[in-house]
Amino acid sequence: MGSLDANCIASPRGFSPLDIDDFRQQAHQTVEFICEYYKGIESHPVVPQVEPGYLRRLLPETPSAQPMPFAKVLSEVQATVLPGMTHWTNPNFFAYFPATLSSAALCGDLLASALNPVAFNWLSSPAVTELESLTLDWLAQLIRLPKGFLFSAGGGGVLQATTSEAVLCTLVAARKMVLERAGHDGADKLVVYASDQTHSTFAKACKIAGIAPANIRIIPTAREDLFSLRPDSLRAAMEADAAAGLLPAYVCATVGTTSSTAVDPVAQLAEVAGRFGAWVHVDAAYAGSACVCPEFRHHLDGVDRVDSISMSPHKWLLTGLDCCCLWVRDRARLTTSLSTDPEYLKNRATESGLVVDYKDWQVRPSSFPHRSPTAKNSVALKLFMVMRCYGTANLQSHIRSDVRMARGFEEMVAADTRFEVVVPRRFALVCFRMRPRRAGADGEAEADAANRRLLEEVNNSGGIYATHTVIGGIYVIRFAVGTTLTEERHVKAAWELFRAKADAAWEAAQ
């Protein structure tokens with residue numbers, strides 16, 4: 001603290017942090033910076049070539065006492081920050097799942113930041129609350145959720161930052177529901193269920209919600225089932241737990257798993273869970289966006305029998321981070337499990353029962369309303385802008401274009417006898433590998449090493465970025481199409497890079 005105190009000086013005269021003329025000039029400079037960045041984004045290596053701690057070596061150890069000209073700060077960002085960025089919007093980014101963005105979302109972000117609302121209850125910012133409720137109803141209709149998930153029917157939607165928060169909130173609601181039915185002294189008997197393909201966010205949310213680690217059932221899947229969760233496996237696990245005096249409380253089904261976009265049979269799983277009175281949540285973080293297209297909507301069949309569903313438009317629906325939509329079929333179950341009622345937030349609108357207070361729909365201490373998450377001050381307007389500016393037809397075209405490019409990549413893989421598609425493509429993710437050169441465990445081990453080497457060589461080239469998974473005991477390369485700027489030429493060039501590196505990868509792995 002001593003060195004910082006020593007640098008403290010009086011504020012410069014005329015300091016005006018929100019001078020409109022300054023902002024106009026700085027905003028123009030910032031927009032120009034962003035436009036130039038996107039114009040030249042392909043010139044950047046997708047994955048940065050920097051070492052840990054590089055930024056500390058480039059920037060001062062202590063904050064500056066005197067202001068820097070805005071243009072100089074932007075130049076500093078150009079010289080120091082950009083070289084360390086993994087460029088998720090680069091059209092050659094094929095890793096993980098996409099984090100899509102659009103000009104409408106960028107403008108919505110700017111508008112939301114300028115308005116700077118804090119919407120912990122309706123009264124604190126009526127327009128923000130009502131915009132969120134309406135936009136969530138619109139999106140629910142777009143993916144054809146049952147009417148029960150709309151506000152008019154007792155359900156409703158809320159924007160969370162991430163799927164982790166959506167799962168956590170519904171876990172808390174499920175815990176309350178089951179304990180009220182079974183007795184509040186049975187918390188240590190609650191059991192939750194998911195497959196071994198469920199995102200790791202599930203296990204984290206269970207820890208936060210207080211579910212005993214021994215009561216988290218991770219049910220194995222198999223390649224012959226395309227890695228989806230079998231209803232009979234779930235039934236056997238729930239029956240065994242019920243027979244042991246435990247309380248089956250929550251089932252997490254996934255539509256579009258991270259490793260391979262496996263789709264769990266929602267209707268059948270909901271039927272099994274219903275026999276035990278367990279809450280059923282559907283995690284459609286990635287694939288939910290595809291359901292704006294009628295040809296993909298069947299993957300959500302059976303959703304009328306579940307309690308909640310979430311999807312993340314920041315992954316594939318052009319909205320930008322962070323945007324996770326959570327819908328519940330009975331909003332009272334969610335709000336009563338998360339609500340607080342401090343005196344200083346009481347008001348006539350809330351007491352009327354005619355408004356939504358989103359503080360009761362999420363994990364957020366209402367005693368600190370200034371800590372509003374991004375979902376309350378930005379994302380609703382971004383999602384609104386995307387839906388209004390582009391319309392259903394363009395959103396569907398965006399999804400179909402990515403699927404078409406992924407199908408083309410899959411066909412190129414299948415046409416090369418050195419490679420194989422490990423699981424059939426469902427959406428815009430292709431899971432593939434170089435084939436083993438001989439049968440048996442030794443051949444599989446050699447193939448794993450060769451594919452690992454291939455991915456390293458491809459990524460080290462700087463030309464593209466892809467990631468891997470291990471599924472069914474097999475090392476698999478994941479190729480996810482969906483970055484906003486990706487075109488067919490990028491997909492073809494990526495495949496040529498894989499092909500060019502293939503034989504050398506086998507040799508290096510020996």
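Reader: Which residue does the side chain of Glu 446 meet in a salt bridge?

Author: This is a predicted model, in which local features need pLDDT of at least 70 and side-chain atom pairs count only at pLDDT 80 or more, while totals for chains, interfaces and linings use all residues. Residues are numbered from 1 along each chain as its sequence is written, and side-chain values use heavy atoms, with hydrogens and water left out. A salt bridge is a side-chain nitrogen of Lys or Arg within 4 Å of a carboxyl oxygen of Asp or Glu. At 2.6 Å, N to O, the partner of Glu 446 is Arg 438.

Reader: Is Arg 438 buried, partly exposed or exposed?

Author: Buried means under 20% relative accessible area, exposed means over 50%, and partly exposed lies in between, with a 1.4 Å probe and protein chains only. Glu 446 has a relative accessible area of 24% and is therefore partly exposed. Arg 438 has a relative accessible area of 43%, so the term for this residue is partly exposed.

Reader: How many salt bridges does a search of the whole structure find?

Author: Side chains of opposite charge can pair when their charged atoms come close. Some of these residues are linked in a network, namely Asp 416, Arg 418, Glu 496, Arg 499 and Asp 503. For the whole structure, the number of salt bridges found is 31.

Reader: Why are Glu 180 and Lys 176 separated by about one helical turn?

Author: The side chains of these residues, Glu 180 and Lys 176, meet in a salt bridge at 2.4 Å, N to O. Glu 180 is partly exposed because its relative accessible area is 48%, and Lys 176 counts as partly exposed at 25%. Helices (H or I, at least four residues) and strands (E, at least two) are DSSP runs, numbered from the N terminus. The separation is about one helical turn because Glu 180 and Lys 176 are four residues apart in helix α7, residues 163–182.

Reader: How many residues apart in sequence are the parts that Asp 241 and Arg 217 tie together?

Author: The side chains of Asp 241 and Arg 217 meet in a salt bridge at 3.0 Å, N to O. Asp 241 lies in helix α9 (residues 231–243) and Arg 217 in strand β3 (residues 216–219), so the pair ties together parts whose distance in sequence is 24 residues.

Reader: What is the angle between the planes of Phe 409 and Trp 495?

Author: Rings of Phe, Tyr and Trp (its six-membered ring) pair if their centres lie within 6.5 Å; planes under 30 degrees apart count as stacked, over 60 as edge-to-face and the rest as tilted. The structure holds 24 aromatic pairs. In the edge-to-face pair of Phe 409 and Trp 495, the centres are 5.6 Å apart and the angle between the planes is 85 degrees.

Reader: Which helices hold Phe 409 and Trp 495?

Author: Both residues, Phe 409 and Trp 495, are buried. They are 86 residues apart, and the pair links distant parts of the chain: helix α14 (residues 374–415) for Phe 409 and, for Trp 495, helix α16 (residues 488–509).

Reader: Where does Phe 432 lie?

Author: Phe 432 and Trp 495 also form an edge-to-face aromatic pair, 6.3 Å centre to centre with 70 degrees between the planes. Phe 432 is buried, as is Trp 495. One aromatic cluster includes Phe 432, Phe 409 and Trp 495 among its residues. Phe 432 is 63 residues from Trp 495 and lies in strand β9, residues 429–434.

Reader: With which residues is Glu 410 in contact, leaving aside its neighbours within four places in sequence?

Author: Glu 410 lies in helix α14 and counts as buried because its relative accessibility is 15%. Contact means heavy atoms within 4.5 Å. Apart from the neighbours within four places in sequence, the contacts of Glu 410 are Val 421, Pro 424, Arg 425 and Val 430.

Reader: Which residues is Gln 396 in contact with, leaving aside its neighbours within four places in sequence?

Author: Gln 396 is also found in helix α14. At 14% relative accessibility, Gln 396 counts as buried. With the neighbours within four places in sequence left aside, its contacts are Val 292, Cys 293 and Pro 294.
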